[in-house]
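Me: I am new to this structure and would like a close look at one part of it. Please take me through that part, then set it in its surroundings.

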Amino acid sequence: MKEKILQKATDMFMSLGFKSVTMDDIANGMGISKKTIYAHFSNKETIIAVVTDRIFEQISHDIECICDQVKNPIEEIYEIKKRVMEHMCNEKTSPSYQLQKYYPAIHQNLKKRQFNFMQECVVQNLQKGLEQGLYRDNIDVQFVSRIYFNGITGIKEEALFPSSMFDGLSLYEMYLEYHLRGIVTPDGRKILNTLIKSTQN
C-alpha cells in the first residue's frame with residue numbers, strides 16, 4: 001500500500017503541483033481513507049520528501065548509466081539532456097518552483113544533493129572533453145562546472161524565467177547550447193552543430 005500511495009502522490013504532484021494536492025486528494029484518487037495514508041506517512045511533507053528523493057535517485061541513476069557508456073562528452077551531455085527532458089515532459093506544473101516556495105527545507109536539501117552529484121558528473125565531462133580536444137584547454141574546470149550548475153538551477157526560477165514567456169524544454173535547449181558554445185574547440189563545434197541539427201529535424 002505504501003508503494004501505491006507514493007506512486008499516486010508522485011503522479012498527482014507532477015500533474016497538479018506540490019501545493020495544490022492535499023492528503024484528501026490522494027486518498028480520493030486512490031479510493032481509500034485518509035487514515036490509511038496516515039498509517040504510512042505522518043503528513044504530506046513526509047510524502048513530498050520521499051517522492052522528491054525517489055525522483056532524484058531515479059534521474060541520478062539514469063545519468064550514471066549514460067556516463068558509463070562510451071560517448072564523446074558532447075554526445076554524453078545531450079543524452080543526459082534527452083533523459084531530463086523526458087522527465088520534464090511528465091511535469092504539467094512547475095514543481096521545482098512550488099517546492100522552493102512552499103517547502104524550502106526540502107528544496108534546499110535536494111539542491112545540495114543535486115550540486116554534489118552534478119559537480120562530480122560535470123567535472124568528469126569537462127575533463128573528458130579536454131582530453132579529447134573537444135573543449136578549450138584554457139577553461140577553469142571548477143569555475144565552469146559551478147557556473148553550469150548555477151545556470152541549470154537558475155533557469156527554473158519562475159521570477160527570472162516565467163513560464164508565460166519561456167517554455168521549459170526550449171529553455172533547457174537554449175541553455176545547453178549557450179554552455180557548450182562557450183567551451184568547445186572548432187572540432188567540438190562541428191559535433192555540437194551536428195547534434196543541434198539532428199534534434200531540430
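What is the relative accessibility of K71, and what does K71 count as?

Reply: The model is predicted, so local features need pLDDT of at least 70, and side-chain atom pairs count only at pLDDT 80 or more, while totals for chains, interfaces and linings use all residues. Residues are numbered from 1 along each chain as its sequence is written, and side-chain values use heavy atoms, with hydrogens and water left out.

K71 has a relative accessibility of 24% and counts as partly exposed. The cut-offs are these: buried is under 20% relative accessible area, exposed is over 50%, and partly exposed is in between, with a 1.4 Å probe and protein chains only. K71 sits in the loop between α4 and α5. The helices here are DSSP runs of H or I with at least four residues, strands are runs of E with at least two, and both are numbered from the N terminus. Leaving aside neighbours within four places in sequence, K71 is in contact with E76, E79 and K128. Contact means heavy atoms within 4.5 Å. K156 is another matter: K71 and K156 are 85 residues apart in sequence and 28 Å apart in space, C-alpha to C-alpha.

Now the helices around that loop. α4 spans 44-68, and α5 spans 73-89. K128, a contact of K71, also takes part in the meeting of α4 with α7. α4 and α7 pack at an angle of about 5°, with their axes 10 Å apart. That makes α4 roughly parallel to α7. Axes are lines fitted to C-alpha atoms, for helices over the stretch in contact, and angles run from 0 to 180 degrees between N-to-C directions. Under 35 degrees counts as roughly parallel, over 145 as roughly antiparallel, 65 to 115 as roughly perpendicular, and the rest as oblique. From α4, the residues in this contact include E45, I48, F56 and C67. From α7, they include I106, L110, F117 and K128. By class, the contact of α4 with α7 has nine nonpolar, three polar and six charged residues. Nonpolar covers Ala, Val, Leu, Ile, Met, Phe, Trp, Tyr, Cys and Pro; charged covers Asp, Glu, Lys and Arg; the others, Gly among them, are polar.

α4 matters for the core too. The largest nonpolar core has 57 residues, and F13, I26, I47, I74, Y78, Y148 and L180 touch the most other members. Helices that each supply at least two of its residues include α1, α2, α4, α5 and α7. The largest share, nine residues, comes from α4. Such a core is a set of buried Ala, Val, Leu, Ile, Met, Phe, Trp, Tyr and Cys residues joined through side-chain atoms within 4.5 Å. In soluble globular proteins, nonpolar side chains tend to be buried together. Take I47: beyond four places in sequence, I47 touches L6, A9, F13, M23, I26, I37 and F41.

H40 is partly exposed, at 35% relative accessible area. Past four places in sequence, H40 is in contact with M1, K2 and I5. H40 and V50 are 10 residues apart in sequence and 12 Å apart in space, C-alpha to C-alpha.

Next, α1. M14 is found in this helix. M14 is buried, with a relative accessible area of 8%. α1 and α2 pack at an angle of about 115°, with their axes 10 Å apart. That makes α1 roughly perpendicular to α2. I5, A9 and F13 are among the residues of α1 that meet α2, where I26 and M30 are among the partners.

Finally, the whole. The protein has 10 helices and zero strands. Buried residues make up 41% of its 201 residues. Its C-alpha atoms fill a box of roughly 60 × 35 × 30 Å, taken along the principal axes. Of the contacts with a separation of 6 or more, 69% join residues 24 or more positions apart.
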